[in-house]
Amino acid sequence: MRVGLLTREYPPDVYGGAGVHVEFLARELARLVDLDVHCWGEGRADGVLRHRSWSALDGANDALRTFSVDLAMTAALQGRELVHSHTWYTGLGGHLAKLLYGIPHVVTAHSLEPLRPWKAEQLGGGYALSSWAERTAVESADAVIAVSGAMRDDILGCYPALDASRVHVVHNGIDTTLYRPDPAADALDRIGLDRSRPYVLFVGRITRQKGVPHLLRAARDIDPAAQVVLCAGAPDTPEIDQEFRDLFAELSRTREGVYWIPRMLPRPEVIQLLTHAAVFVCPSVYEPLGIVNLEAMACGTPVVASRIGGIPEVVADGETGVLVPRDDGGDDNGNGDRDDDFEAGLARALDSVLGDPETARRMGEAGRERAVDEFGWDAVARRTVGLYEEILKQA
């Protein structure tokens with residue numbers, strides 16, 4: 001079976017959960033099918049073909065530049081029997097390959113444009129184009145993979161014209177041989193952390209979706225003995241970047257032990273930080289699944305996270321962590337009572353874990369066990385290939 005896998009992110013250029021997903025899925029799929037990976041960038045090696053946007057569009061809206069990459073990917077897909085796209089960045093390329101070559105198109109939806117209105121800040125009028133591209137790809141796909149049951153509900157809610165029988169749940173996975181507790185602590189020493197004090201850890205992008213401003217406000221009220229470590233980069237817009245910087249500066253003035261790492265750390269260093277954290281926090285306002293929670297659990301760390309989207313399918317409330325409700329008024333842009341209540345809930349949940357090391361230890365052990373038993377990438381790849389085979393039989 002000759003499969004073309006389309007993605008914006010691919011190593012070494014991975015900055016979000018979709019990129020992590022494709023990296024590990026591709027590794028497993030390559031053992032089961034004849035796989036070509038098409039991603040953004042330049043060059044070709046070992047079944048990976050990189051495509052850059054057209055130079056004539058340098059400086060143009062990001063959506064237009066994305067479409068030029070989609071066209072280049074489409075042209076390179078001749079001879080594939082099936083194409084599998086990830087995110088709106090490559091969905092149009094998959095759809096055009098379906099039309100041009102008469103091959104099935106599978107879409108994995110990692111997020112949905114209608115549920116991310118803040119993307120208009122980043123893309124401007126391009127948000128209308130990204131929304132159109134996603135709708136076109138999803139509604140025309142032979143199959144749509146949702147990374148959680150909650151995501152499946154969102155897909156059908158956003159795209160009611162889509163036949164529900166074409167939407168399949170295949171959870172994200174985790175490599176638990178790679179993400180596992182690491183007793184080494186040299187990464188902590190390089191950052192300057194005080195090993196005698198516990199720390200709260202966040203890893204993610206500076207974007208509305210990840211809810212970092214909520215965490216920065218909540219952190220004002222947690223145990224002053226706790227350190228706060230923010231591995232946060234890749235801001236969506238200069239405005240969001242400035243908001244983060246202002247809140248970080250304010251928090252740093254009111255408490256000691258606040259650290260910001262704005263660059264992407266090597267994976268071994270992230271694993272060390274995850275391993276030694278007293279608690280990992282995921283304050284997202286929208287999250288189809290949240291691979292980073294699985295990464296923390298696989299490293300034996302309890303998780304405090306928003307009770308939204310697919311997170312409850314990963315984090316077992318009271319067993320592997322604590323879920324904080326976010327469902328009463330306000331909006332996702334920092335307005336209304338919902339934000340105050342949510343931030344207060346985050347602070348209480350973090351303090352509950354920080355204040356009970358024995359329960360935190362049990363949660364971490366249970367999280368590791370859950371990650372190993374239920375979220376292996378080999379099983380994800382086998383389920384994905386099974387869907388490919390089913391679609392090709394019907395074609």
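Q: How do you know that helix 14 has the span expected at 1.5 Å a residue?
A: In this predicted model, helix 14 covers residues 377-394, 18 residues in total. From its first C-alpha to its last it reaches 26 Å. The expected span is 26 Å, and the value is close to that.

Q: Which residues of helix 14 are called buried?
A: The cut-off is under 20% relative accessible area. The buried residues are W377, A379, V380, A381, T384, V385, L387, Y388 and I391.

Q: What covers the buried residues of helix 14?
A: The cover includes strand 1 (2-6) and helix 1 (17-29). It also includes strand 5 (82-86), strand 6 (105-109), strand 7 (143-146) and strand 8 (167-169).

Q: Why is V281 called buried?
A: Its relative accessible area is 0%. Buried means under 20%, so V281 is buried.

Q: Where is V281, and which residues does V281 touch?
A: V281 sits in strand 12, residues 279-282. Leaving aside residues up to four places away in sequence, V281 touches V200, L201, F202, L215, V304, L346 and L350. Contact here means heavy atoms within 4.5 Å.

Q: What separates V281 from T87?
A: They are 194 residues apart along the chain. Their C-alpha atoms are separated by 25 Å.

Q: What makes the phi of T87 worth a note?
A: T87 is not a glycine, yet its phi is positive, about 70 degrees. Most residues other than glycine have a negative phi. T87 lies in the loop between strand 5 and helix 3 (88-101).

Q: Why is D46 called exposed?
A: Exposed means over 50% relative accessible area. D46 has 82%, so D46 is exposed.

Q: What makes A72 partly exposed?
A: A72 has a relative accessible area of 24%. Buried needs under 20% and exposed needs over 50%. The value falls in between, so A72 is partly exposed. A72 belongs to helix 2, residues 62-75.

Q: How far apart are A72 and L162?
A: In sequence, 90 residues; in space, 27 Å from C-alpha to C-alpha.

Q: What kind of peptide bond joins P11 and P12?
A: The bond is cis, with omega at about 10 degrees. Most peptide bonds are trans. P12 is in the loop between strand 1 and helix 1.

Q: How do you know that the radius of gyration of the chain agrees with a compact globule?
A: The chain has 395 residues, so a compact globule would have a radius near 21 Å. The chain has 21 Å, which agrees. Along its principal axes the C-alpha trace spans about 60 × 40 × 40 Å.

Q: How many helices and strands are in the chain, and what share of residues counts as buried?
A: There are 14 helices and 14 strands. Of the 395 residues, 56% count as buried.

Q: What share of contacts joins residues at least 24 apart?
A: The share is 68%, among contacts between residues at least 6 apart in sequence.

Q: How many positive and negative side chains does the chain have?
A: There are 40 positive and 59 negative side chains. The centres of the two sets lie 4 Å apart.

Methods
Residues numbered from 1 in each chain as written. Predicted model: local features only at pLDDT ≥ 70, side-chain atom pairs only at ≥ 80, totals over all residues. Heavy atoms only, no water. Helix = DSSP H or I, 4+ residues; strand = E, 2+ residues; numbered from the N terminus. Rg over C-alpha atoms; globule rule 2.2 N^0.38 Å. Buried < 20%, exposed > 50% of the residue type's maximum accessible area, 1.4 Å probe, protein only. Lys, Arg positive; Asp, Glu negative; His and termini not counted. Charge placed at Lys NZ, Arg CZ, Asp CG, Glu CD. Expected span 1.5 Å × (residues − 1).
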